[in-house]
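Please read the following note beside the structure.

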Amino acid sequence: MKYLIISGNPKKDGLCDSIMQEVIRGAKEGGAEVSVLSTQDIPRCHICGEGWGSCISSHICAFGNDGFTEAQKQVASADAYCIITPVYWGEVSESLKAFIDRLRRCEATKQWSREAGAVKSAFAGKQALLVASPGGSGNGALSCLQQMERFCQHTGAAIFDHIGINRWNHNYKAKAAYEAAKAMAAGRTVGTTV
Ligand SMILES: Cc1cc2nc3c(=O)[nH]c(=O)nc-3n(C[C@H](O)[C@H](O)[C@H](O)COP(=O)(O)O)c2cc1C
């Protein structure tokens, strides 16, 4: 199984990166092939026309040759996801927000068609682990996770878990991140009782 980490973290070291390493370790341990998609260099949506562009009809961004379409394909080819971000202003990082905003225009809109044989969202029926790491104050994890949850609701991803990690709970939440990724990679489905 292919496990993709969609990361809004601009930092190489630090709290958020240390958690991502645990997710990578867990997913590998569970048998997955793991890759990381950094959202750092992907530009934001151009907001075509009066709000919608080709995203609503062809589900491809008209400006996708800036790296977005390649990233969209990488997302589609994965079987399960971890979406991870530092908490900025109680929200996901700006780069992650820009990426998921753009991605949901292309993926959520696939679900609106009632035609038989219509294409499905890349996320439909796939699991996502949501991880938010607040820093200084420790505030904002809930609102940040809620933002990511909304993205999953729009695109049809099944949420495996919401994990908020700060400086005080790092030692035990890092274990939770590792275990969650391992369980997902090993094929535990949402709702399975263990
Ligand atoms: C622009 C900006 C806004 C931030 N806003 C918050 C915040 O709302 N709450 C919080 O606890 N930490 C906040 N932080 C701190 C980050 O969440 C912190 O960097 C994060 O825990 C990740 O840790 P790391 O940078 O060591 O990876 C902010 C940092 C930046 C750069």
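In which sense do strand E1 and E2 pair, and over how many bridges?

1. The model is predicted. Strand E1, residues 2-7, pairs with E2 in the parallel sense, and six bridges link the two. Within this pairing, Ile5 stands opposite Val36 in E2.

2. E1 and E2 belong to an open sheet of five strands, in which the pairing is parallel and the order is E2-E1-E3-E4-E5. The edges are held by strand E2 (33-38) and E5; each has a single partner strand, so one side of each is left without a neighbour in the sheet. On average, and with direction ignored, neighbouring strands of this sheet are turned by 15 degrees against each other.

3. Strand E4 covers residues 127-133 and strand E5 covers residues 158-164; their pairing is parallel, over six bridges. Ala132 is found opposite Gly164 in E5.

4. Helix H3, residues 94-107, lies across E1, E2 and strand E3 (80-86), and runs at about 140 degrees to E3. Helix H5, residues 170-185, lies across E1, E3, E4 and E5, and its direction is at about 165 degrees to E5.

Technical notes
Residues are numbered from 1 along each chain as its sequence is written. This is a predicted model: local features need pLDDT of at least 70, side-chain atom pairs count only at pLDDT 80 or more; totals for chains, interfaces and linings use all residues. Side-chain values use heavy atoms; hydrogens and water are left out. Two strands pair if DSSP finds at least two bridges between them. Helices (H or I, at least four residues) and strands (E, at least two) are DSSP runs, numbered from the N terminus. Axes are lines fitted to C-alpha atoms, for helices over the stretch in contact, and angles run from 0 to 180 degrees between N-to-C directions. Contact means heavy atoms within 4.5 Å.
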